[in-house]
Amino acid sequence: MSESGILLISHGHFEKDFLEVIARDLAKEFDTGVDIEESYLDLSEFYDPTRRQYDANKLLAEIESSSSLHVLKKIGLFRVDLFIPILTYIFGQAIFKGNAGVASLYRLRNEQYGMEKDEILLLDRFKKVVIHEIGHTFGLIHCHIPTCVMRSSTYVEDIDQKSQNLCNKCRNEIGLQ
């Protein structure tokens, strides 16, 4: 992997420790440096009032067009409900073989499903979504190995069932040991 690394761009309030754990595990998984940057984006222009959600495609285009010098990949981190036109909701989205992605923890929170708040599980789920989306930017498609982080996830239960790591097949595909 290149030394230029990955940039996590937080939009909205995220605890510093929360972001640092994600950065550490992302760096370990892709064997590259990861930096964290805070940013402000007026989300009102990305809001779809008929769906009461935020357009992930438009947010992704915004992240892609933002200038980040000396960065190989970047991912915008959000706390809002994301959608793309063909799906009810998504956890994240990335440009396949591109340089940008987005991820949101909105639908990853236990409280969303009437369950007790669990910050450890929330962090675990969000790490998996971020690693998954960065995997797409490196050209990885959805994997059929059940524990691989690149396995498709329609529901949070799907995220819970996989690991936060790429399987050997996916690692080899992008040149990692």
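Good morning. I begin with a term: two strands count as paired if DSSP finds at least two bridges between them. The structure under discussion is a predicted model, and that term applies directly to strand 4, residues 53-55, and strand 6, residues 82-84, which pair in the parallel sense over 2 bridges. Within this pair, aspartate 55 has phenylalanine 83 of strand 6 as its bridge partner.

These two strands belong to an open sheet of 4 strands, whose order is 3-4-6-7 and whose pairing is mixed. Why is one side of strand 3 and of strand 7 left without a neighbour in the sheet? Strand 3, at 47-48, and strand 7, at 87-90, stand at the edges and each has a single partner strand, so one side of each remains without a neighbour there.

I turn now to strand 5, which spans residues 73-78. Strand 5 is joined to strand 1, residues 6-11, by 5 bridges, and the two run parallel. Here isoleucine 9 has glycine 76 in strand 5 as its bridge partner. Strand 5 is also joined by 5 bridges to strand 9, residues 100-104, again in a parallel arrangement. In that pairing, phenylalanine 78 stands opposite serine 104 of strand 9.

Is strand 5 mostly covered or mostly uncovered? Strand 5 is mostly covered, with 6 of its 6 residues buried. As to direction, Lys73, Ile75 and Leu77 point one way from the strand, whereas Lys74, Gly76 and Phe78 point the other way. Both sets are buried, the lysines Lys73 and Lys74 included.

That concludes the presentation; I welcome discussion.

Terms used. Residues numbered from 1 in each chain as written. Predicted model: local features only at pLDDT ≥ 70, side-chain atom pairs only at ≥ 80, totals over all residues. Heavy atoms only, no water. Buried < 20%, exposed > 50% of the residue type's maximum accessible area, 1.4 Å probe, protein only.
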